[in-house]
Amino acid sequence: MRPLRLTLQAFGPFAGREVVDFRDALDSRVFGIYGQTGAGKTTILDGLCFALFGESSGRERQGEELRSQHATPELETEVSLVFEVGARIYHVVRKPRQTVKAKRGAGSVERVHWAALYEVTDLPLDEISAENPGVVLEERRVEAVGERLAAILGYTADQFRQVVLLPQGQFRELLTAPSTRRSEVLRGLFDVSVYERFVERLKAQTSELRAQILQGRTRIETRLGAEGVDSVDALRGRLVEIAEQVTAGASSRDAARERRDSAQAALQAGRAAADRFAQHETATASSAELEAGADEIAKLAARVAVAEKARACQNPHDRFEECEATLKDADKACSEKAVALDTAVSAHKEAETKLLASQAAEPERRSAAAEVARLSEIKRRLEAASPLRAAADTEAEAAAKAREGFTEVTEARTRVEAERDAARARLTAARDQERSAREGDTKLTVLRQEEAAAASHASVASLVAGLKTQLTEAQSQSQRHKALVAEALEGVSQAEASVTAALAGRLAAQLHEGEACPVCGSTDHPTLAHEGGAAAEADAALEAVRRAWADADGEERKASQAAAALQGRLADAEARLADAPAPARRLEDIAAERASLEADLDLATAEEELREADGVILKVEQALAEATQAENKGRSSLTTAETRATEAAARLDGALRDVPETLRDVEALERARLAAVDHDVELQRHHQEAVQAERLAHDTLQRATLEHQQAEQTLRSASDALKKREAEFDQALARFGLTRDAFAEAKEDVLQHDEFVATIRAHEDAVAAARAELTRTRAAIEGLQRPDLPSLETACQGAETACAEAERSLGQAENEQARVSAALDHVAGEVATLETLSERYGAIGKLAELSEGRNASNIALRDYAIAATFDAVLEAANQRFERMSMGRFRLLRKRDVGDRRSRAGLDIVVLDAHTDQTRDAHTLSGGEGFLASLSLALGLSDVVQAESGGVKLDAIFIDEGFGHLDDETLDMALDTLRQLVGRDRAVGVISHVEAVKQQIPAGFEVRKDLRGSRVLARTAG
């Protein structure tokens, strides 16, 4: 990973936006990051680590704790990093969880952790921005961004802190870490997945085989238990007994079936005879019922005969009724025509009266025509005077407009005077507000400085309290593990005693009187030891308690190291707390006062308001002068317009002196003239309507007289036809011997004639069928006796029940036989499978134990593969370490198992050329340990670059450590660092040592002041 540009906003001590461009520094191969204590040098590493992994370089601060105390409330904390991996360039942006000022209103909003990852390979670095971030790979989903970055980088945050970014207090961790911890780091950098998969597959197969064996045994025991036996032989004996029961049951079933079949045949014959007796009884009842209905059928036949006579008289009756309806219609029409004739006579008389009245109104019509002529003459005179009227109207309109204009300019002047007064009041208020805002801004600056100091003190105090709690817990954990170690040691002692006793017993069993003891050589054996148990079991128990002791001892060492580390961190934090001045009042009170002042204070708005008020007063005063001038001009124009309007009105009055005043208006005159014309036309129209109405009424009277005469003639004809048809109907009734009442009663039966005939015929057919069925059933029962069906059914049911019981018993025995036989087959198969699985488990289980490290070297297969690569790492590290230590030290890999308390293969020892002895890496001094850790980090980078494919370690950052070196060693270390860093890698050094700053001039300078820190680039020149 090669960082190109880091941007920090409101992050740590950086209040604003700081851009760290690494390109020139990386070209220098070795560069420095310098500054005062607390300026923010380590914050740059925090920014790198937070951008990539969402956490700080030292793991002590979370993302939300990295927000700058100097930043304004509305500025969000944000970190972005443009970095290069191989041939691709990426851009990651993160915003931690934080509380910022709301964009609207005076409140605040809670922002969640936000992250995005882009690819910018084809985008120039200077063009990458928030508006042009690149091609989106992942956005918003923090987990997805983290997973994508892990895949790109090839290592986790912990591995990054151990091989790329070496923070304060953790620089020596890779050097002094236990073998298991170092194995985790190296596994993340070197691909040993093939070995891990092999071991995991062996473990999975062993576990699966063990589970299958246990499951097989359980299945066998469960199946035998379900059958009520405890062995396979017992199950076979049970199967023989059941076979004998099946044979006996089959014989019983066959006898029961014969008895059932005989009973069923007897019951069937009895039911057939009972059915014949039942049919005869039914036929007898049906015949009797039909004979009883013969009278009703005779009555129905009589009604049919009368209905046939009435149907013969139907046509004369229909013609008679039709004539009756015609006579009724003719009578109604004659009455209607008589009414219409009376109405026509009345209408004609009314029309004659209106015509006489219209003829009497002739003088009124002549007067109306004269009025139309008079008004037409006045219209002609008005049209002749229209130029004078137009001139008068024009001058009057001009005078009205002048009057309106004068009113408007007068009102405008009044409004401008009010605006001038308001502008003067606004200017006074703006000056007071600007003066108050400047005083508040000065107070706000003091409050922010006080709040930052109080927040810093509270943060350190919180850290001290947290570390104390962690230290107490770590010390308690260490004591618990020490107790477990003591308990494990006691178990080891007891197990060793058991092994010794077992061995002594076995040896005593082989001694014979007179033969020499192989241990002491004596031939006298007064008291022989007794074997207390199997030696193999004692050895296994000893091995188990030794492993438990080794595990407990390892945990106790880890807990002690953790407590020691916490003590160091606590001492540093308490020293920082002692140096930080205690605030005079609570942080919450300061923050509340600052927030209240920020909410109320707006200096920029006050200054802008003052400028706007000055501008407004100038504009208003100019507008007032213009309004006064416009008012004077409007007054002069109004006087001139009113004079001209008076003169034009006088000329018009002279031209129309004898015309009535009400008719001088053209529109009024036209309305009067049109009204006179309408009155004249209306009188003429009424007269014409009266003449036409009299003519129409006369014609209507003549037509009504004719139609009434025709209706009387039609009525007489209809009366004659009715008499004729009535005579014909009476003759038809007499011919068939019917009266009108008898005919009326038979009309309904005529409609049901066919239905009645069908009913009679159906009855006759049913009587014949019933008589035939009665004869047949009587012959069928002749010579038979009625059977006793209940007795036959009882006997049949008893035989069927006995047969079913015999078959059920046989079925149960056969099912039992099949089930036991299947169980025997299943158990035999399980036994065969179990034998095969046990053979495989013996071979694969042994191989799995060896691969997991339970072997003579106590090294797992995975660690054995890593150890080979780790040798190359140590060799590359020694190229630097030997030179930096002037040939004294060399790093070696510890190969012996020792007391088996830890895994072999990855522990580091130091070969000291002065004593020609090896010693633990923990024994190195601060300066020696720094040089060893630096060499190991550079060596690891070399091997990773060469062997790990996608993992790229293009840059390494070292936070402090050079302060432990004397001048000579420092010079040697820096010189070696410059020569061995390589052309494809760069090292960034964070230090406050002046000698380092002089020898490595390229890099960055971090400077701080009361407003926060700034990052400045340094050049090699």
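Guide: Let's start at Met-886, which is found in the loop between α20 (861-884) and β11. Helices (H or I, at least four residues) and strands (E, at least two) are DSSP runs, numbered from the N terminus.

Visitor: Before we go on, what kind of model is this, and how are residues numbered?
Guide: It's a predicted model, where local features need pLDDT of at least 70, side-chain atom pairs count only at pLDDT 80 or more, and totals for chains, interfaces and linings use all residues. Residues are numbered from 1 along each chain as its sequence is written, and side-chain values use heavy atoms, with hydrogens and water left out.

Visitor: OK, back to Met-886. What's its phi?
Guide: Positive, at about 55°, although Met-886 is not a glycine. Asp-916 has a positive phi of about 55° too, and Asp-916 isn't a glycine either.

Visitor: Where does Asp-916 lie?
Guide: In the loop between β12 and β13 (917-920).

Visitor: Is Asp-916 buried or exposed?
Guide: Exposed, because its relative accessible area is 60%. The cut-offs are under 20% for buried and over 50% for exposed, with partly exposed in between (1.4 Å probe, protein chains only).

Visitor: What does β11 pair with?
Guide: With strand β12 (residues 908-912), in the antiparallel sense, over five bridges. Two strands count as paired if DSSP finds at least two bridges between them. Leu-892 stands opposite Val-909 in β12.

Visitor: New topic. How many salt bridges does the structure hold?
Guide: 54. A salt bridge here is a side-chain nitrogen of Lys or Arg within 4 Å of a carboxyl oxygen of Asp or Glu. One of them joins Glu-18 to Arg-1014, with the closest N and O atoms 2.4 Å apart.

Visitor: What does Arg-219 form a salt bridge with?
Guide: With Glu-830, and the closest N and O atoms are 2.9 Å apart. Arg-219 is in helix α7 and Glu-830 in helix α19, so this pair links distant parts of the chain, 611 residues apart. Glu-830 counts as buried at 10% relative accessibility, while Arg-219 counts as partly exposed at 36%.

Visitor: And which residues are linked in a network?
Guide: Glu-227, Arg-238, Glu-241, Glu-816 and Arg-819 are linked by salt bridges.

Visitor: Last one: how far apart are Glu-814 and Ile-242?
Guide: They're 572 residues apart in sequence, but 8.0 Å apart in space, C-alpha to C-alpha. Glu-814 is found in helix α19 (residues 789-851), and it's partly exposed, at 37% relative accessible area. Another pair to look at is Thr-7 and Leu-48, 41 residues apart in sequence and 9.5 Å apart in space, C-alpha to C-alpha. Thr-7 sits in strand β1 (residues 2-11) and is buried, at 5%.
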